[in-house]
Amino acid sequence: MALILLRHTRPAVAEGTCYGRTDLDLAPEFTEDSLRIAAELPDFLRILSSPLSRCHRLAQAVGAVRGLPVTVDPRLTEMDFGLWETRPWAEIPRAEIDAWRDDFLHGRPHGGESVQDLYSRVHEALAEAAEGPVPALIVTHAGVIKAALAAQGAPEAWRAETAFGTWRRIDWP
């Protein structure tokens with residue numbers, strides 16, 4: 001079942017900042033970007049979105065152009081980085097970063113969510129999304145897209161890059 005995973009547009013945050021669940025405003029070019037994205041997306045039957053405004057606003061803009069409502073699913077939210085949220089990556093203690101690297105799936109040196117937690121909720125959300133009308137557009141975050149690729153067994157899924165305002169079409173499962 002086809003799912004189109006769209007990453008939100010660029011947020012208004014300094015480069016090199018760790019953010020996940022933090023609800024950030026969008027960069028000034030949001031309106032222009034959202035109209036371009038809505039015009040370029042392939043056809044889909046419904047829209048699901050992370051509740052964070054950087055996704056929800058894009059989902060609403062696309063929905064307005066395509067004449068479709070938006071359904072919010074909290075499971076599509078970015079990973080919770082706990083104490084690391086809104087800190088520059090360069091200021092996070094090296095020992096904490098190393099601890100996360102050493103136990104990437106289960107480590108939580110930041111006190112937030114583990115990668116396994118993210119993976120589990122994303123897998124559940126996408127399985128449910130694939131049961132409804134498809135193709136479905138899912139407006140979400142880079143971490144959610146990485147989890148989806150990992151669930152499909154994509155090599156190097158956790159290192160995959162998806163630029164702001166771009167999408168990947170996947171067949172689920």
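Modeller: The structure holds seven aromatic pairs; rings of Phe, Tyr and Trp (its six-membered ring) pair if their centres lie within 6.5 Å, and planes under 30 degrees apart count as stacked, over 60 as edge-to-face and the rest as tilted. This is a predicted model, in which local features need pLDDT of at least 70, side-chain atom pairs count only at pLDDT 80 or more, and totals for chains, interfaces and linings use all residues. Residues are numbered from 1 along each chain as its sequence is written, and side-chain values use heavy atoms, with hydrogens and water left out.

Colleague: Which arrangement do the rings of Trp84 and Trp100 adopt?

Modeller: A pair of aromatic rings is described by the distance of the centres and the angle of the planes. For Trp84 and Trp100 the centres are 5.5 Å apart and the planes at 75 degrees, so the pair is edge-to-face. Trp89 and Trp100, by contrast, are stacked, with 6.4 Å from centre to centre and 10 degrees between the planes. Trp89 lies in the loop between S3 and H3 and Trp100 in helix H3, so this pair ties together parts eleven residues apart in sequence. Helices (H or I, at least four residues) and strands (E, at least two) are DSSP runs, numbered from the N terminus. Ring pairs link Phe81, Trp84, Trp89, Trp100, Phe104 and Trp158 into a cluster.

Colleague: Is Trp89 buried, partly exposed or exposed?

Modeller: Buried means under 20% relative accessible area, exposed over 50%, and partly exposed in between (1.4 Å probe, protein chains only). Trp89, at 34%, counts as partly exposed, whereas Trp100, at 12%, counts as buried.

Colleague: Where does strand S4 find its partners?

Modeller: Two strands pair if DSSP finds at least two bridges between them. Strand S1 (residues 2-7) pairs with S4 in the parallel sense over five bridges, and Ile4 stands opposite Leu137. Strand S2 (residues 46-49) also runs parallel to S4, joined by four bridges; there Leu48 has Ile138 as its bridge partner. Five of the five residues of S4 (residues 136-140) are buried. Ala136, Ile138 and Thr140 point one way from S4, and Leu137 and Val139 the other.

Colleague: Which residues have a charge over an aromatic face?

Modeller: The criterion is NZ of Lys or CZ of Arg within 6 Å of the ring centre and within 35 degrees of the ring normal. Arg7 lies over the face of Phe164, at 3.9 Å from the ring centre. Arg57 lies over Phe30 in this way, at 4.6 Å.
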